[in-house]
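Biologist: Could we go through this model together, slowly, before I write up my notes?

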Amino acid sequence: MICTEVRPEKHYIGRLPHNRDMIASIEDFCLKTHIEMGWFSLIGAVSSVTLGYYDQKQMVYVTSKADCRLEIASCSGNISRKDGKPFVHAHAVLTDEKGNAVGGHVFSETIIFAGEIHIQTFSGKPLDREHDHQTGLMLWRMFHP
Ligand code: ZN
């Protein structure tokens with residue numbers, strides 16, 4: 001495992017705007033408040049969702065969009081940099097009225113009905129994403145000690 005040391009900085013607690021894209025809302029907040037590294041958890045509800053599953057053999061995301069109102073039973077993610085800008089990577093478990101769950105990688109076009117978020121920011125060497133040849137994913141660039 002290759003890790004980089006970070007230092008805890010600030011905590012933010014807040015509400016996400018109604019009827020806005022979840023990922024864009026968090027990235028906009030990070031841009032405005034100069035957050036480049038952090039971790040967050042989020043609960044609430046969505047009015048539509050786009051989830052992805054990464055097909056490891058084909059090296060592509062398979063996405064599915066659903067216009068349905070679901071609870072965000074659990075959502076966590078991180079904030080790092082991609083192309084010099086704050087980039088949010090989030091996964092979520094969403095539930096319907098019967099408690100049935102779907103989950104996966106959260107894509108844009110996931111619209112927040114209501115959302116409460118806690119962000120923990122970090123300082124340290126900037127964490128940038130770059131293309132990883134083995135997985136085809138945009139992973140963190142890590143430096144061997
Ligand atoms: Zn993911």
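Biologist: What spacing do the donors of the zinc ion follow along the chain?
Modeller: This is a predicted model, so local features need pLDDT of at least 70, side-chain atom pairs count only at pLDDT 80 or more, and totals for chains, interfaces and linings use all residues. Residues are numbered from 1 along each chain as its sequence is written, and side-chain values use heavy atoms, with hydrogens and water left out. The donors of the zinc ion follow H-x1-H-x13-H.

Biologist: Which protein atoms are the donors of the zinc ion?
Modeller: They are His89 (NE2), His91 (NE2) and His105 (ND1), lying 2.1 Å from the zinc ion; donors are N, O and S atoms within 2.8 Å of the metal (3.2 Å for Na, K and Ca), and water is not among the atoms, so sites may look incomplete.

Biologist: Is histidine 105 buried or exposed?
Modeller: Histidine 105 is buried, with a relative accessible area of 13%, while histidine 91 is partly exposed at 42%. Buried means under 20% relative accessible area, exposed over 50%, and partly exposed in between (1.4 Å probe, protein chains only).

Biologist: New topic: how many aromatic pairs are there in the whole structure?
Modeller: A search finds 4, where rings of Phe, Tyr and Trp (its six-membered ring) pair if their centres lie within 6.5 Å, and planes under 30 degrees apart count as stacked, over 60 as edge-to-face and the rest as tilted. One of them is tryptophan 39 with tryptophan 140, edge-to-face at 6.5 Å centre to centre and 65° between the planes.
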